[in-house]
Amino acid sequence: MELSDSPAATDPRWLLLNRHGLRGDGSSVADASTAADSHTFEGRHLRVSFCREAPPASSFLYYDLPDGDEDDDDDDKDYGITVVAAHGDSVLLQMNGTGRRLPPSYDFCVYDYFVYRAGATGVRPPSLSLLPAREFTTKNELRVAEFRLDRPLSRSLDERHAGILRRGDDELMVVELEIMYDRTLRRDMAGLCVLRVSSDGWEIKQPVPIIQSNGDHELPYHRHGTETGFPVGDRFLCWVDYTSGFLLCDMAEEATPKFWYVPLPHEVMIRYSDDHEVPPMKHSRGMGAAGDGAVKFVSIDTRCCCGGPGRSTCEGSRVAFTVTTWTMNIGTDEPMTWVKDGVLECEELWALPGYEGLPHAHLECPVVSLDKPNIVCFLVSNHNLNVSYEDWKEWLVEIDMKNKAIMSAVEFDSDSWRAYHHLPAKLQC
């Protein structure tokens, strides 16, 4: 991979970071000021760097194995790198193709995980640190292991259960969520496996009850698995199930973290029920931090062309939709309440300056800006507009939901499937 010595023309205040890294092939260009090196568990030299672009353009991680020999069989392995989570100047990475079994039972297979930390000019260079494997087994893993089919189970930190939390300049925690049901207490419980990056090993926090945000002790209405996690400030971690609500973890008292289950806005839940959509429209919801003490939820809902909620059979309803945003404060002692703060109809969107030439199709994959929470990036494509696969195109659009304005739009120029996998990140150098 060729590294550019010239810094980016601007240092973006936040990035729309693609979750899937690109392997350098000699023609890729990344920012040399972001490059960092480490070694895999097997001793392979690994180098990563970032190509940083201002949103809505995608930013990508590039990786190389510089010591690889052309005749080395390892070069045929899929050493793909996935971005699991990000917070502040740090990114949690998973390296595929490095699975190895853990003794003594060899029932579990683990991968190499790294934390990348961006450099600070004149203070420190970028760094890439290999994390120790979690060698103890959780209660959920023990239950699953009873039914394994003569193959090792994957002990992976994926976006559904993992998170990172930067707490000050010298403290970074990697966190893995575990949800279980206590038959004695008749309660859903949540526990954490925690690794302080400066320490040598993982520790487990004892499970505690999940409390409803209204103070009830009833079980959540839905008990689906979470789909993604994200940090809020240096105190909160959130894990979202887009069919029902999100789990809020307060790490203010790290020894005894507290968990709340917070339902999605009632209006969205009604639409979900009335539409009989299981699951709802693919990639139609998003949630992210809206400052240090608030979250923003974005929902793209189908509607009839006459304005009513839900799909109908008329032709005009095939692409009709409404984008709605809500914000909730979570950093105070006040009751947590959703406040609707943005509504954009598809007809309004298509008529906005800057949307000319883009498809009249559903927006997808909303990502909330880390810089200005009223701005949301979306994906729009022509995939469902009767075009051949060879003619598929995708665009990323940045919209100010408060002022109903198109900020920018760019065509996505990588593989189509990658367009559906982004998360917000900072990584300012």
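Predicted model: local features only at pLDDT ≥ 70, side-chain atom pairs only at ≥ 80, totals over all residues.
Which residue in β28 does D400 stand opposite?

Residues are numbered from 1 along each chain as its sequence is written, and side-chain values use heavy atoms, with hydrogens and water left out.

**View 1. The whole chain, with three helices and 29 strands.** Helices (H or I, at least four residues) and strands (E, at least two) are DSSP runs, numbered from the N terminus. Of the 429 residues, 52% count as buried; buried means under 20% relative accessible area, exposed over 50%, and partly exposed in between (1.4 Å probe, protein chains only). Taking the contacts between residues at least 6 apart in sequence, 55% join residues at least 24 apart, where contact means heavy atoms within 4.5 Å.

**View 2. An open sheet of four strands in the order β25-β26-β27-β28.** The pairing here is antiparallel, and two strands pair if DSSP finds at least two bridges between them. At the edges sit β25 (364-368) and β28 (405-411), each of which pairs on one side only. On average, neighbouring strands of this sheet are turned by 20° against each other, direction ignored; axes are lines fitted to C-alpha atoms, for helices over the stretch in contact, and angles run from 0 to 180 degrees between N-to-C directions. Strand β27 (residues 394-400) is joined to β28 by six bridges. Here is the reply to the opening question: D400 stands opposite A405 in β28.

**View 3. V387, in the loop between β26 (375-381) and β27.** V387 counts as partly exposed because its relative accessibility is 30%. Leaving aside neighbours within four places in sequence, V387 is in contact with N382 and W392.

**View 4. Strand β13 (residues 172-182) with its partners β12 and β14.** Eight of the 11 residues of β13 are buried, so this strand is largely enclosed by the rest of the structure. Strand β12 (residues 162-166) pairs with β13 in the antiparallel sense over five bridges, and R166 stands opposite L172 in β13. The hairpin of β12 and β13 has five residues between the strands, and G168 takes a positive phi near 80° there. With strand β14 (residues 187-196), β13 pairs in the antiparallel sense over 10 bridges; L192 in β14 is the bridge partner of L177. In the hairpin of β13 and β14, which has four residues between the strands, R186 takes a positive phi near 55°.

**View 5. Strand β22 (residues 294-302), covered on both faces.** Nine of the nine residues of β22 are buried, so the rest of the structure largely encloses this strand. Strand β21 (residues 285-289) runs antiparallel to β22, and five bridges join the two; the bridge partner of M287 in β22 is F297. Four residues lie between β21 and β22 in their hairpin, and G291 in the turn has a positive phi of about 100°. β22 also pairs with β23 in the antiparallel sense, over nine bridges, with M328 in β23 as the bridge partner of V295.

**View 6. T324 in strand β23 (residues 321-329).** T324 counts as buried because its relative accessibility is 2%. Beyond neighbours within four places in sequence, T324 is in contact with F297, V298, S299, K340, G342 and V343.

**View 7. The largest cavity, with a volume of about 130 Å³.** On a 1 Å grid over the protein atoms alone, a cavity is a set of points where a 1.4 Å probe fits but cannot get out, and lining residues have an atom within 4 Å of a point. Grid points are joined across faces, edges and corners, and a volume is the space filled by probe spheres set on the points. The count by this rule is four cavities of 30 Å³ or more. Of the 14 residues that line the largest cavity, Y113, A133, R134, L157 and W202 are the closest to its centre. Strand β9 (residues 108-117) gives the largest share of this lining, four residues. The lining of the largest cavity divides into eight nonpolar, one polar and five charged residues; Ala, Val, Leu, Ile, Met, Phe, Trp, Tyr, Cys and Pro count as nonpolar, Asp, Glu, Lys and Arg as charged, and the others, Gly among them, as polar.

Conventions:
1 Å grid on protein atoms, 1.4 Å probe; cavity = no way out; pocket = protein on both sides within 12 Å on 5 of 7 lines; lining within 4 Å.
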